[in-house]
Amino acid sequence: MTMNERKMIDLEQGWEFMQKGITKLKNILEGLPEPQFSSEDYMMLYTTIYNMCTQKPPHDYSQQLYDKYREAFEDYITSMVLPSLREKHDEFMLRELVKRWTNHKVMVRWLSRFFHYLDRYFIARRSLSPLNEVGLTCFRNLVYLELNGKVRDAVISLIDQEREGEQIDRALLKNILDIFVEIGMGQMDYYENDFEDAMLKDTAAYYSRKASNWILEDSCPDYMLKAEECLKREKERVSHYLHSSSEPKLLEKVQNELLSVYGNQLLEKEHSGCHALLRDDKVNDLSRMFRLFSKIPRGLEPVSSIFKQHVTGEGTALVKQAEDAASNKKAEKKDVVGLQEQVFVRKVIELHDKYLAYVSDCFQNHTLFHKALKEAFEIFCNKGVSGSSSAELLATFCDNILKKGGSEKLSDEAIEETLEKVVKVLAYISDKDLFAEFYRKKLARRLLFDKSANDDHERSILTKLKQQCGGQFTSKMEGMVSLFISSYGS
């Protein structure tokens, strides 16, 4: 039989045959005893559609079949799917929805194959929605739009139960939230508007309640541990079932409620806030504080401000200590004055070592903390002790290290290290020229009276000073050393 002699299929007869195939597919989806489709079944269904679409007008039934394809979904959804969903609630409704959505996608896949000829020719010519899209839109319009509010509330309720330590079915939540994403067919609007917005509001309310209790009950370190744990858990939530695009928004809500809202109260807690942590050398807690507050806008500013106050206080206490000790010594014996100033410089260096380590280890070398340390040291390093300026004290300290028989008995390595630190402290002295003047005089005495312990150390500190203050600063001193060494050597 040639193509022209092919038996004409009318719409009713052809559709009756197609409906048998569709009913068979529905029975398989409903779990009723039904043999699977054979390749012959599939070919018969495909060919029937092909034939009905390629008959000469008025017997080309492409448009009617396109409409009936959509009606097949609508019938199944209204007769079977919606009733089974409406009778279930909470977690049972969620499980049913996952099952129904999975089945629906199978149905779309199979019917799209049977009606494939429509997709290839008729739909392309008429610029209509593809079959796959028509099938998914049916579910969205009939099932999703009716149930998404209940589904959203059930999911949020389960998330809050998990936050309270209960075990929940994370795989179920993942499958449900995938529906919100997939129903958008490439757009995130449904997930964001119908689920995420409400979930974020609930998250903020949940952590607002928690924070208002914790801030009253907990010490600053305990509160921070809880905050860090909550942030970790919320990140896990994203990896287990929320869409990855929710992570920054979710963490921002948690950080805002736990840290931004209560930031100042937390940092200023009387016996456990930032001051107390610095006073008690709680480096782990300070590192945690940095990690947490670096995540919130301008969160590190109050921390660095407290750090600056603390370091200033410690340094000012050293100045006062040295002042008191010097005036006591003066009252007793005039010739011991000077030793206390040496101790003061040594303590300033130790203080700088300690808090520079805090800046690098606890505060990850953040510029705010480098600035705070610099400003704190500039305040007390320019105070001077017992009538001597800091510039003079530093020059004397260097002299003691570099001259024979000085009060500092150090190995070559320790001398190098100490000189390095002196030059770092010098950076905070406002009158560096005064230091240069005192240093030159003491250097001249060491050279003239053969008091210099080691030429290499003399050269080494000049190199360090040159790097810190520039070539002009050290040119005269370098000239003195070179002249002395060449004369001494000749």
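**Entry 1: the largest pocket.** I looked up the largest pocket in this predicted model and found that about 320 Å³ of space lies in it. I noted that a pocket is, on a 1 Å grid over the protein atoms alone, an open set of points where a 1.4 Å probe fits, with protein on both sides within 12 Å along at least five of seven lines, and that lining residues have an atom within 4 Å of a point. The volume is the space filled by probe spheres set on the points, which are joined across faces, edges and corners.

Of the 16 lining residues, I listed those closest to the centre of the pocket as Glu162, Arg163, Gly165, Arg233 and Arg237. I then saw that α6 (131–163), α8 (189–217) and α9 (220–240) each give two or more residues to the lining, and that the largest share, five residues, comes from α9. Helices here are DSSP runs of H or I with at least four residues, numbered from the N terminus.

**Entry 2: α4 and α7.** I turned to helix α4 (residues 90–114) and helix α7 (residues 170–182), whose axes come within 10 Å and cross at roughly 55 degrees; axes are lines fitted to C-alpha atoms over the stretch in contact, with angles from 0 to 180 degrees between N-to-C directions. In contact (heavy atoms within 4.5 Å), I found residues of α4 including Leu94 and Trp101, which meet residues of α7, among them Leu172 and Ile179.

**Entry 3: conventions.** Residues are numbered from 1 along each chain as its sequence is written. Local features need pLDDT of at least 70, side-chain atom pairs count only at pLDDT 80 or more, totals for chains, interfaces and linings use all residues, and side-chain values use heavy atoms, leaving out hydrogens and water.
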